[in-house]
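Ready for a few exercises on how helices and rings pack? Grab a pencil, try each task yourself, then check the solution.

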Amino acid sequence: MLIDKIQALLSEVGGLQATDEKALEALRIKYLSKKGVVNDLMGEFRNVAPEQKREIGMKLNELKSALQDKLTELRQSLATKEDDHSDLDLTRTPYPITLGTRHPLSIVKNEIIDIFHRLGFSIADGPEIEDDLHVFTAMNFAEDHPARDMQDTFFIEANQEDVKKNIVLRTHTSSVQARAMEHSQPPIRIICPGRVYRNEAISYRAHAFFHQVEALYIDKNVSFTDLKQVLLLFAKEMFGEDTQIRLRPSYFPFTEPSAEMDISCNICGGKGCPFCKGTGWVEILGCGMVDPNVLEANGIDSKVYSGYALGMGIERITNLKYRVNDLRLFSENDTRFLKEFEAAN
Ligand code: DAH
């Protein structure tokens, strides 16, 4: 009987529940949509005997409005649930905001820049993707110099018949010397920090990329004494007043004469320890008087001007200052390692 069906549905209405919008919509579709229960009942209602129409019609309307009221009620209670922030604990301490720290290589780089800045050097920059001319040829490397070999240098574009057209990742910041000279005349007094690349297997003591700082001073009457003076001052500023330096003859294509500089071991104070292999000295940089060939190749008159240059690895200096003995740590971005330098920032 239709009346019984309506009655049964009426008694269900009170217990209807919807935990979210989706469930609420499902109820609407089930009961009140075109193909819903109420519409079906309307269809059946058409066949009801005329004398029963009034009673059943009223019941059906009662069901329809009960359902509409119920859905409205459920919709309202869902809305108030969303606005309910009673479980928010406003007294709770916020998540800690961790501040970043400067990378140790940046700390040391800035320190080096700062020392040279006080001596009147200004910063110069050059590209990391560089041509053969600036990395090798203008720096007086012979065409068959082993540094040009695939084993040492990353080639971006290699045209082996004409080495001068090769595009490489710069293997040293000395390329910035060539860039600086080509655009200006002395006096030139620059410092060039930057990243360099070499085709090395990565291990604790070698990496495919690392960082250097280059310094170049060209003017009239620049002598080796000037170089030594700057080196001593740099060593003392960087490693402490008691630091001593020692120069050993060496060879670089772009300087003549060339030297490598050692400092008295800052770990044992020069007495000899495992770090300096018992010698009391550790090597920190290469330097020399700019080779006249380099001046001429870059458009500077070598009869009028002379200059000195030096280059050092930032990782090396950082190792000495902070005893980081695995190069890979510098590029792993492990925050536990980086946090150790908080105090130095
Ligand atoms: N470019 C050299 C290197 O990568 C370092 C160097 C040595 C730079 C002597 C200089 C210098 O300016 O005079 O090993």
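**Exercise 1: two helices side by side**

Helix 1 passes helix 4 in a left-handed crossing, meaning that the near helix is turned anticlockwise from the far one by less than a right angle (clockwise would be right-handed). Before going on, note that this is a predicted model, where local features need pLDDT of at least 70, side-chain atom pairs count only at pLDDT 80 or more, and totals for chains, interfaces and linings use all residues. Residues are numbered from 1 along each chain as its sequence is written, and side-chain values use heavy atoms, with hydrogens and water left out.

Solution. 
- Step 1: find the helices, which are DSSP runs (H or I, at least four residues) numbered from the N terminus, while strands are E runs of at least two.

**Exercise 2: a crossing at an angle**

Task: classify the pair helix 5 and helix 8.

Solution. 
- Step 1: the axes of helix 5 (residues 104-118) and helix 8 (residues 224-239) come within 10 Å and cross at roughly 135°.
- Step 2: helix 5 and helix 8 are therefore oblique to each other.
- Step 3: helix 5 passes helix 8 in a right-handed crossing.

**Exercise 3: ring pairs**

Task: say how the rings of Phe116 and Phe121 are arranged, and whether these residues are buried or exposed.

Solution. 
- Step 1: the whole structure has ten aromatic pairs (Phe, Tyr or Trp rings, using the six-membered ring of Trp, with centres within 6.5 Å).
- Step 2: Phe116 and Phe121 sit 5.2 Å centre to centre with 90° between the planes, which is edge-to-face (over 60 degrees; under 30 is stacked, the rest tilted).
- Step 3: Phe116 has 1% relative accessibility, so Phe116 is buried (under 20%; exposed is over 50%, partly exposed in between, with a 1.4 Å probe and protein chains only). Phe121, at 2%, counts as buried too.

Technical notes: Axes fitted to C-alpha atoms, helices over the stretch in contact; angles between N-to-C directions. Parallel < 35°, antiparallel > 145°, perpendicular 65-115°, else oblique.
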